[in-house]
Amino acid sequence: MNFDLTEERQMLQDGLRRFLRDQYTPDLLAQIETSDTGTSPEVWAGLANMGVIGALFTEDQGGFGGAGFDIALVAEEMGRVGATDPLIDTGILGGGLIAALGDEGQQAMLDDIIAGTRQLALAHGEPSSRYDLSRVETTWADGKLTGRKAVVVNGGAADTLIVSARTSGDVADTDGISLFIVAADAPGLMRRSYPLTGGGHAAEITLDNTPGTLLGTAGQGYAALAAAHARATLAISAEAVGLMDAVRTLTTDYLKTRKQFGQPIGKFQALQHRMADVLIEIEQARSAVINLAGHLDADTQTRDTHVAATKTLIGQVARLVAEESIQMHGGIGMTQEYALGHLAKRLLMVDHRFGDTLYHMDKFIALAVA
Amino acid sequence: MNFDLTEERQMLQDGLRRFLRDQYTPDLLAQIETSDTGTSPEVWAGLANMGVIGALFTEDQGGFGGAGFDIALVAEEMGRVGATDPLIDTGILGGGLIAALGDEGQQAMLDDIIAGTRQLALAHGEPSSRYDLSRVETTWADGKLTGRKAVVVNGGAADTLIVSARTSGDVADTDGISLFIVAADAPGLMRRSYPLTGGGHAAEITLDNTPGTLLGTAGQGYAALAAAHARATLAISAEAVGLMDAVRTLTTDYLKTRKQFGQPIGKFQALQHRMADVLIEIEQARSAVINLAGHLDADTQTRDTHVAATKTLIGQVARLVAEESIQMHGGIGMTQEYALGHLAKRLLMVDHRFGDTLYHMDKFIALAVA
Amino acid sequence: MDLNYTDAQIAFRSDVRDFLSDNLPAHLSDKVRDGVALTKADHEEWHAILNAQGWLAGNWPVDHGGTGWDSVQRHIFEDEMTKANAPRIVPFGLAMLGPVLMAFGSDEQKSYWLPRILNGDDWWCQGYSEPGAGSDLASVRTMAERDGDDYIVNGQKTWTTLGQYANMIFCLVRTSKEGKRQEGISFLLIDMNSPGITVRPIVLIDGGAEVNEVFFDNVRVPVANLVGEENKGWTYAKYLLTHERTNIAGVGFASAGLEQLKRIARAELSGGKPLIQHPLFAARIAQVQIDLMAMATTNLRVISAAAAGQAPGAESSMLKVKGTQVRQEINALTMQAIGPYAMPFVSEALDGDNDPVGPAYAQAPTGQYLNNRKLSIYGGSNEVQRSIIAKAILEL
Amino acid sequence: MDLNYTDAQIAFRSDVRDFLSDNLPAHLSDKVRDGVALTKADHEEWHAILNAQGWLAGNWPVDHGGTGWDSVQRHIFEDEMTKANAPRIVPFGLAMLGPVLMAFGSDEQKSYWLPRILNGDDWWCQGYSEPGAGSDLASVRTMAERDGDDYIVNGQKTWTTLGQYANMIFCLVRTSKEGKRQEGISFLLIDMNSPGITVRPIVLIDGGAEVNEVFFDNVRVPVANLVGEENKGWTYAKYLLTHERTNIAGVGFASAGLEQLKRIARAELSGGKPLIQHPLFAARIAQVQIDLMAMATTNLRVISAAAAGQAPGAESSMLKVKGTQVRQEINALTMQAIGPYAMPFVSEALDGDNDPVGPAYAQAPTGQYLNNRKLSIYGGSNEVQRSIIAKAILEL
């Protein structure tokens, strides 16, 4: 048992933290917010150069890591600055599925991904699927895809999409889901891209007899989707912990400097005790992320139990941290201009990807309680 | 719309409050605790003399009240001193069922009840029925009852029992439940009486070919049981509000007098704010009791919606008030000798009669959400 | 004890309901229901309709053109308004300034300003808060120095709601630095078109700009615009705050929000079934509904006491805290209900200028959740309310 | 980062498990599982078994007869002990006094008292708390005045756990009123059979009497029983408190409690189905289980840091608060699980002298819930812990 970082990971963390701190200035955040993609190409190139995208892949896949603790480390640092770069979408979901299922030709894409020259998105969720991983209505017939995909994060900027479709079975069956590689400029594909609360962009995607290439075995896509979502859940959970740390630091600093009724408001015991509770819950969240990172490659039942436990706790703590921090800041915490707003919104939106507290509580009950 | 007491009720409240304050001395409580019944015959006689038992019945039934607000008023005052007298069991459940269903001969018992000379108990719950009102396994054959009844409050002291039995239908059907009047010394009836956490006594009752007289129409007992339980739920909820007031007062007084680190602990802002939250919730509980009292005679759906809402809230606030009060008292709050213990325990046990927060939350969802 | 309304009250409710059904334009109630932002013209249209009926000034006496309603009637009126998704009455002139002028204004001020408020000739805004003051309102630093028949005003106000629409602002200004901080404050009416006034919008975390900073740079204000006596403004300010506190619980808003939440939870599917049937989500709805049922009665208890002439005390602090908790929980649940569609931020859709992403009902909840974090911050933060409760009721 | 135990640690766990399976008497583990009170003889029996194995003093070095285990081994040992429902090791001599004597006692004191602790010759209790002091331990008022080769002790201690079984007590006493309050305190070992000592049980709200008041009326104590230097006792007391804080999270207790809760929730029926299938109750179990999973890892992080030689800081305050919350929630859920049978109070059933009312598993939960309210009060209340966190970590 050892909770220290290896030397390599420590170096990656130090370098990445320094890089992000230098890059993610208020100016950059403002610039990103009004950009077309909600991200910065320069930062992306920098991340690729540092090997950060590669850290999400194993050596076999052409990367330098790929373990749960690599993903967690990278994502937590991204969260710490409120970064909006699509590491999850291009790296973990898109790249991860290609690495897991792709044939030799398809695997070749990984080099571009790791080099930062190819953007991906997973077009899986649909307007009425909510968080259900197996609910797919998009159809596949005569080599063509038809259907609608909802809130596809990075869907507007991606040049390559992984699209899920139902090739057999009932609407919510786990069997019968197939994955396809689709070029973003393929015929019949329409995208409406829009900004997201908390940063980044997503797209509504319509497919109308759009050609795609099968990725993996037909009808057998679910297991790989579930594994990719487990990894993505780890990433977003670790990102949330980074965001929590940043929000907490901002709040504690504010409590020390802001004076009211003649003293720093951090001297008021009611606020002290509430901040202590916030801190305790952040430590809980951090431990939950460690649990998931350490069990990412365990058997499916163990992995999914930790996915459910971790994401439930993250969603709960995210709300607590965001709400308490805004409340303790008072009016200034309500303004767009102040740094807190972006971080708090990004933290709140974590509960709206890869299943919310309700969804994962249900999963946990089924896996570990009853 | 009017939230003031009528003059008659104001007088009853004043008199009852004075009487109970004089009677319920620490000595009396200590004496009751070691008594065989967990109650005081002298207080009971006094309550009867004051017309307090009569206030639970309408004029038609030989009483002087019987409305929701009469029940709430009396029960709240009882709660305020942590009284253990079986007003709910003898008056509302036992007496109430006889008043609702009894023939002329059976109704004659009401005079004794109101005069305080007859003790009743409702033997309805069974070892595996938990809070389900329709789950009855006790049988009735050849004029004789056979079965087991669990945690029958006042069951040891009662001279008359109302016993439920299934005369038709499936184990949990609402149809097919019949009620019987059974003498406590009837053949085949065995009682094991024991003290309760928070005061009073209950009994495990075994019936083995025990004779009983039918009360009301055979198989049609459920509606009257449900109505009696609605009234009993109002009573125990109002009692809980009285207990909350008493616990709150004790705690605020303690916070003002107890000094630590050089000042009264009530000056610590963290405790002030938590006590403010406690107070807010007590006011919520008080309003919930008013809601139920005002809708006790409404249509069944409305009545039951308020039963469910009120008892859910009462259970939640009871736990908050009890736990926060013990915590703020520290060590002294853990001791049997100090007045808080009895009140807090009685308050906590409210969630274990007539359905707990889980049971009533379910009911409320079915009645008012879905 | 009687939870029933009197026959007269029931008849009144029926009148209000009929009026709303006949006179509330659908293009306004649709916007309110879906959380679409109202324009200045929308507000003015609705005020004019109410004024024509004589129902615009629910808390004004009849001789000033008000309704003369008691607190129960006002409650019934507000209740029906929210249920019908009517726009709320903009409070600055009607609920805030009006009562102060009636109590402390000169006859000239009353006869000039009060009719203009009813007729919508002026849009008022409130100049109370200043940067860095937070809940400590008495720390007014905006200065007003006497110069002949004018005051010269210098300083800054902030959190000025809908100041971008206003042509008039009522301000707390410092006219003396002597004595206690509360003693040198005056209550001044200022024309927003005066030279030297700059209004700068503050964008909030929901992307909206409903509040503003207002800067005063040597602004000349006629002494005739002083309300009451110089240096007595704190008294008037406190009087205003008390009046502002009616409907502090926001029961109507909460009820309307709960209805919208249930509507969405019936439409959204989770695992193929309506979300409202999900046991854990249903339990969270049930919890807030149960809390709201109790709070509504606490609110009626306070209103009923007010109708009987009792002044509301620290009870309003309790209603503020609980009301905030209930409304914010409804906001949080509604945001949760819309699932992934809580993420898109399409501000144009909320202005009605663009197609929505996802269902129409999914456009507003995230912004409303974020915006309503303010409920527990402004008007005396919930922390300040808890301290008031501890002091005034618990005597700690 | 590696969540796995080393091979050596896995082998150690297996040894512990085998030992417990072979040597833990069923009559003891049954009592622990069902929450039946252990007698003095029960404790002594179990201590003797562990001592024979050489495993009684998990936190003592080998040269004093201890195991020399590191913090991970101690954690594994405690974890297996709780899972097996073994009686906890009575901490007063082993976990509290022992380390103080080793660090600050004279050679005579070490060679006399330490073996007696291992052999069970003495039953120690702790004389720290005094009436009215609460979490303010330095306000010691029990006086020890020097008289020749003795101290004369007068005063009172309270909350003395299992003092009724003890023949020895270690006490904080005041030997000087000079200087700061912390400076005049000494650490004294006192024979409970000395003339002038009276022990009075304090009955707690669960009906049990595990704590006591201890009165000292001119009690003579040989100066030889002074540990370390006179007036330096506060240093030793703080040292002891640090050592007492291992296993502060109570992960093992929580895990055992969660298992018992699930066992009961599978047996209890609600609406004809096992209570554990009730969605709202299952969600409450899930919540506490999720909290416990995270806390167990936080605990391991602290233990692992300790094994690497880092001193635990305010992290133990976080573990104290969260550990308390988790255990108290499990207690509350267990009490809720048993339904109406939470009400009977049959103390004889808990002593094994009477038939239980209702199922056997329903006898203990109400008492345990009540008794464990103490968890957030003693050992520095959770309020004190939050203040420590705010100061030490948040630097507020």
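**View 1. A salt bridge joins D:E80 and D:R17.** The side chains of D:E80 and D:R17 meet at 3.0 Å, N to O. A salt bridge here is a side-chain nitrogen of Lys or Arg within 4 Å of a carboxyl oxygen of Asp or Glu. D:E80 sits in helix α4 (residues 71-83) of chain D and D:R17 in helix α1 (residues 7-23) of chain D, so the pair ties together parts that are 63 residues apart in sequence. Helices (H or I, at least four residues) and strands (E, at least two) are DSSP runs, numbered from the N terminus. D:E80 is buried, at 4% relative accessibility. D:R17 is partly exposed, at 43%. Buried means under 20% relative accessible area, exposed over 50%, and partly exposed in between (1.4 Å probe, protein chains only).

The model is predicted: local features need pLDDT of at least 70, side-chain atom pairs count only at pLDDT 80 or more, and totals for chains, interfaces and linings use all residues. Residues are numbered from 1 along each chain as its sequence is written, chains are lettered from A and ligands numbered from 1 in the order in which they are written, and side-chain values use heavy atoms, with hydrogens and water left out.

**View 2. D:D79 and D:K83 pair within one helix.** Their side chains form a salt bridge of 3.4 Å, N to O. Both residues lie in helix α4 of chain D, four residues apart, about one turn of the helix. An α-helix has 3.6 residues a turn, so residues three or four places apart point the same way. D:D79 is buried, with a relative accessible area of 11%. D:K83 is exposed, at 52%.

**View 3. A:D112 and A:R118 form a salt bridge in chain A.** The closest N and O atoms are 3.5 Å apart. A:D112 is partly exposed, at 29% relative accessibility. A:R118 is partly exposed too, at 22%. Over all chains, the whole structure holds 76 salt bridges. Some join into a network: A:R17, A:E76, A:E77, A:R80, A:D245, A:E283, A:R286 and D:R301 are linked this way.

**View 4. Chain A has 12 helices and 10 strands.** The radius of gyration of chain A is 21 Å, close to the 21 Å that the globule rule gives for 370 residues, so chain A is as compact as a globular protein of that length. That radius is taken over C-alpha atoms, and the rule is 2.2 Å times the number of residues to the power 0.38. The C-alpha trace spans about 75 × 50 × 40 Å along its principal axes. Of the 370 residues in chain A, 64% are buried.

**View 5. Helix α11 (residues 339-349) of chain A is largely enclosed by the rest of the structure.** Of its 11 residues, 10 are buried. Among them are A:L340, A:H342, A:K345 and A:M349. The buried residues pack against α2 (26-33), α4 (68-80), α8 (222-257) and α10 (300-329) of chain A. They also pack against α10 (315-337) and α12 (365-371) of chain C. Contact means heavy atoms within 4.5 Å.

**View 6. Chain C meets chain A.** Here 52 residues of chain C are in contact with 44 residues of chain A. The buried area is about 3,900 Å², and carbon and sulfur atoms give 59% of it. Buried area is the accessible area (1.4 Å probe) that two parts lose on being put together, summed over both. There are four salt bridges between the two chains. One of them joins C:E329 and A:R319 at 3.0 Å, N to O.

**View 7. Chain B meets chain C.** Each side of the contact is given by 41 residues. The buried area is about 3,800 Å², with 66% from carbon and sulfur atoms. The two chains share four salt bridges. One of these pairs B:K256 with C:E395, their closest N and O atoms being 3.8 Å apart. On the side of chain B that touches chain C, the elements giving two or more residues are α8 (222-257), α9 (269-294), α10 (300-329) and α12 (357-369) of chain B. The largest share, 17 residues, comes from α9(B). By class, this side has 18 nonpolar, 14 polar and nine charged residues. Ala, Val, Leu, Ile, Met, Phe, Trp, Tyr, Cys and Pro count as nonpolar, Asp, Glu, Lys and Arg as charged, and the others, Gly among them, as polar.
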